[in-house]
Amino acid sequence: MDDELSPREIKRRFRRRVRLNLGVGILAGLFAVGAMIVGSDLPAGAFLGAIGAVAVVVIATSAIFWRCPACDGSLGQYVYPRRCPRCDAVLHD
Ligand SMILES: [Zn+2]
């Protein structure tokens, strides 16, 4: 918890977290598509294992990084919140 963040700094950090989550999501999506393309050559267990591993990474990344920069509260169930549901900090315009 850091009370010294300016509103501008909060928005800047929130944008960085959005990009990070988006990047991980896109990479996971590309990986899933790639796995589907080569999936027919893999044993079913390996294919499902790869998809499961990607899902775990995506979920873990959101759980760790999808937080309010001001109060560190989880933003888990919100896709792109304008304000933090916990401390009411403005996250983006
Ligand atoms: Zn907050």
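Let's start with helix 2. How many of its 22 residues are buried? The number is 0, so helix 2 lies largely in the open. Keep in mind that this is a predicted model.

Now check the length of that helix. Helix 2 covers residues 44-65. At 1.5 Å a residue, its 22 residues should span 32 Å. The C-alpha atoms at its ends are 32 Å apart, which agrees. A quick reminder on helices in general. An α-helix has 3.6 residues a turn, so residues three or four places apart point the same way.

Next, the whole protein. It has 2 helices and 0 strands. Is it a compact globule or more spread out? The globule rule gives 12 Å for 93 residues. The radius of gyration here is 17 Å, well over that value, so the protein is more spread out than a compact globule. Along the principal axes, the C-alpha atoms fill roughly 55 × 20 × 15 Å.

How much of the protein is buried? Buried residues make up 9% of the 93. Now take the contacts with a separation of 6 or more. Of these, 45% join residues 24 or more positions apart.

So where is the core? The largest nonpolar core has 7 residues in all. They are Ile10, Phe14, Cys68, Ala70, Leu75, Cys84 and Leu91. Take alanine 70 from that set. Leave aside its neighbours within four places in sequence. Alanine 70 is then in contact with Leu5, Ile10, Cys84, Cys87 and Ala89.

That brings us to alanine 89. It sits in the segment after helix 2. Within 10 Å it has 18 other C-beta atoms, so alanine 89 is partly exposed. To count as buried, a residue needs 20 or more. Which residues does alanine 89 touch, beyond four places in sequence? They are Ile10, Cys68, Ala70, Cys71, Arg83 and Cys84. Alanine 89 and isoleucine 10 are 79 residues apart along the chain. Their C-alpha atoms are separated by 7.8 Å.

Two aspartates next. Aspartate 72 is in the segment after helix 2. Aspartate 88 is in the segment after helix 2 too. Are they buried or exposed? Aspartate 72 has 12 C-beta neighbours inside 10 Å, so it counts as exposed. Aspartate 88 has 11, so it counts as exposed as well. One distance for aspartate 88. Its C-alpha atom is 9.6 Å from that of cysteine 68, 20 residues apart along the chain.

Last residue: arginine 82. Find it in the segment after helix 2. Arginine 82 counts as exposed because it has 9 C-beta neighbours inside 10 Å. What does arginine 82 touch, not counting residues up to four places away? Leu91 and His92. Leu91 is one of the core residues. And how far is arginine 82 from aspartate 93? They are 11 residues apart along the chain, and their C-alpha atoms are separated by 7.1 Å.

To wrap up, two points. Helix 2 lies largely in the open. The largest nonpolar core includes Ile10 and Leu91.

Methods: Residues are numbered from 1 along each chain as its sequence is written. This is a predicted model: local features need pLDDT of at least 70, side-chain atom pairs count only at pLDDT 80 or more; totals for chains, interfaces and linings use all residues. Helices (H or I, at least four residues) and strands (E, at least two) are DSSP runs, numbered from the N terminus. The expected span of a helix is 1.5 Å times one less than its number of residues. The radius of gyration is taken over C-alpha atoms; the globule rule is 2.2 Å times the number of residues to the power 0.38. Two residues are in contact if their C-beta atoms, placed from the backbone, lie within 7 Å. A nonpolar core is a set of buried Ala, Val, Leu, Ile, Met, Phe, Trp, Tyr and Cys residues joined through C-beta atoms within 7 Å.
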